[in-house]
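Have the model open and follow along.

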Amino acid sequence: MRKLLGFVLTPIFYLCFTLTLIIFHPVQWLCLKFGGYNAHKWSVDILNGLLVACNYILFNRTKFIDNTNLPLDRPIIFVANHQSTYDIPPLIYFLRRFHGKFISKIELAEARIPSISFNLRNGGAANIDRSDPKQSIAEILKLAENMKNNNWSAFIFPEGTRTKTGKMKPFSIGGIATLVKKNPTALVVPIAIKNSYQMVKHGAFPLRPFTSMSWEILDPIDTEGLNIEEIVNKAHVIIKEKVEHELPSS
C-alpha cells in the first residue's frame, strides 16, 4: 500500500521540487547581482526551506535535532554520514546561521541543474574534480581559507558516496585533514542522519512516503591530543552508534 501511494505522490513531489529549483534560479541571480553575498545566501536559505517542506507532500517527517550550544564565532567542520540526495536541504536550512559550504563534485556545478549548479558555482562551495588531485586540493584549500577569513563553516560527507542500506562506509580523511590543518581552531561536529535512505528505498521512483527521517547535531569532538586519523575515526564511531543501532538486523 505504501509503495502504491508512492506512485501517486512522487510525481507531485518532483513537480513541486523542480518548480522550486526553477523559480529560485533567477531569484538567486538577482540577489547575487544586486545584493551580493548576504542577499544570495538569504535566497539559498529560503530555497532550501521550501525543498525541506516538499517532504510533506510524501507525508514524510523531517526531524531536526539542533545543538544550540555551538558557538558562532569560529569555523565549524560538520562531519555527517550520507544516505541520500535529500540529506542536504535540511543541513543548509536549519544550520543557516553557520554559513556552511559543501565539498561537492565539479560535475554538479557544471551540470546546469537549476539553482543547485548556480549556488555551487557562486556560493562558496569547493567543487572538486576527483580525477585531478591537484585541482581538488586547491579547491579545498580555497574553502579552508574562506572559512578562516569569513568565519564560514563546512559540511563534509567523508564516506564519499551514499549508502543504500543505512550502514555506514569508512570515512576518508583527505578533505577533513586539509580543513583542520588550515583551521586548527575549528570545531569538528558530527551529524547523525537517520533513515533518509528509506525515502529512496525503491530508487528515484517511486519515493517512499510516510518515512520518518532525522538529522541530529551532536556535541563537538574533543580533539586535544588526537591526530587527524584519530579525529576522523572518533567521528565515525560516534555517528555510527547513533545511526546503526536502530537498523534492522540483516
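Let's begin with Glu-139, which is buried at a relative accessible area of 16%; here buried means under 20% relative accessible area, exposed over 50%, and partly exposed in between (1.4 Å probe, protein chains only). Before going on, a word on the source: this is a predicted model, where local features need pLDDT of at least 70, side-chain atom pairs count only at pLDDT 80 or more, and totals for chains, interfaces and linings use all residues. Residues are numbered from 1 along each chain as its sequence is written, and side-chain values use heavy atoms, with hydrogens and water left out.

Glu-139 has a partner: its side chain meets that of Lys-142 in a salt bridge, at 3.3 Å from N to O. The term stands for a side-chain nitrogen of Lys or Arg within 4 Å of a carboxyl oxygen of Asp or Glu. Both residues sit in helix H5 (residues 133-150), three residues apart, so about one helical turn separates them. Helices (H or I, at least four residues) and strands (E, at least two) are DSSP runs, numbered from the N terminus. Lys-142 is partly exposed, at 46% relative accessibility.

| Pair | Closest N and O atoms |
|---|---|
| Asp-45 and Lys-41 | 2.7 Å |
| Arg-97 and Asp-66 | 3.0 Å |

Take Asp-45 and Lys-41 next. They are four residues apart in helix H1, so again about one helical turn lies between them. Asp-45 is buried at 10% relative accessibility, and Lys-41 is buried too, at 13%.

Then there's Arg-97 with Asp-66, joined by a salt bridge at 3.0 Å. This pair links distant parts of the chain, 31 residues apart: Arg-97 is in the loop between helix H2 (88-94) and strand S3 (100-105), while Asp-66 is in the loop between strand S1 (61-65) and strand S2 (76-80). Arg-97 is partly exposed at 31% relative accessibility, and so is Asp-66 at 32%.

Now for the greasy spot. Met-1, Leu-4, Phe-7, Val-8 and Phe-205 make up a nonpolar surface patch, with about 580 Å² of accessible area together. Patch members have over 30% relative accessible area and no salt bridge; like charges are joined within 9 Å, and nonpolar side chains (Val, Leu, Ile, Met, Phe, Trp, Tyr) within 5 Å. Accessible areas come from the Shrake-Rupley method with a 1.4 Å probe, and for residues only the protein chains shown count as cover. One of the members, Phe-7, belongs to helix H1 (residues 2-53) and is partly exposed, at 40% relative accessible area.
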